[in-house]
Amino acid sequence: QVQLVESGGGLVQAGGSLRLSCVASGSIGSDNAMGWYRQAPGKQRELVAVMHSGGSTNYADSVKGRFTISRDNAKNTVYLQMNNLKPEDTAVYYCNAHRFSGVMRSYWGQGTQVTVSS
């Protein structure tokens, strides 16, 4: 069974940076997407960034130009580099993986808290 474990969250000042990491145990298949969602208090969970195994990416408009998603397929790891953080980025960030080949499945990590102070 695939498990996702996030790390790298914390408390930072506005304008600072954090890098989130998500390590997947088990195989999610060769055709897949891995990425990040976030949920702030009083708001719905939203897509932050996703990278397909083929290399294509998708970002939320609110983070374009500030966040960068990357993957190390050999290590089954996805990263989210977050620069110029703003207080509105404060949320619990969740790693997600979706398998397209064979039996389609989705997996979620437990979440990591990111807090940005003004």
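Ala 60 counts as buried, at 14% relative accessibility. Here, buried means under 20% relative accessible area, exposed means over 50%, and partly exposed lies in between, for a 1.4 Å probe and protein chains only. The model is predicted: local features need pLDDT of at least 70, side-chain atom pairs count only at pLDDT 80 or more, and totals for chains, interfaces and linings use all residues. Residues are numbered from 1 along each chain as its sequence is written, and side-chain values use heavy atoms, with hydrogens and water left out.

Ala 60 sits in the loop between β6 (57-59) and β7. Strands (E, at least two residues) and helices (H or I, at least four) are DSSP runs, numbered from the N terminus. Ala 60 touches Leu 47 and Val 48, with residues up to four places away in sequence not counted. Such a contact means heavy atoms within 4.5 Å. Asn 83 is 23 residues from Ala 60 along the chain, and the C-alpha atoms of the two are separated by 14 Å.

Two asparagines were then examined for backbone phi. Most residues other than glycine have a negative phi. Asn 76 is not a glycine, yet its phi is positive, at about 50°. Asn 76 is found in the loop between β7 (67-72) and β8 (77-82). Its relative accessible area is 35%, so Asn 76 is partly exposed.

Asn 84 also has a positive phi, near 50°, in a residue other than glycine. The loop between β8 and β9 (91-99) holds Asn 84. Asn 84 counts as partly exposed because its relative accessibility is 40%.
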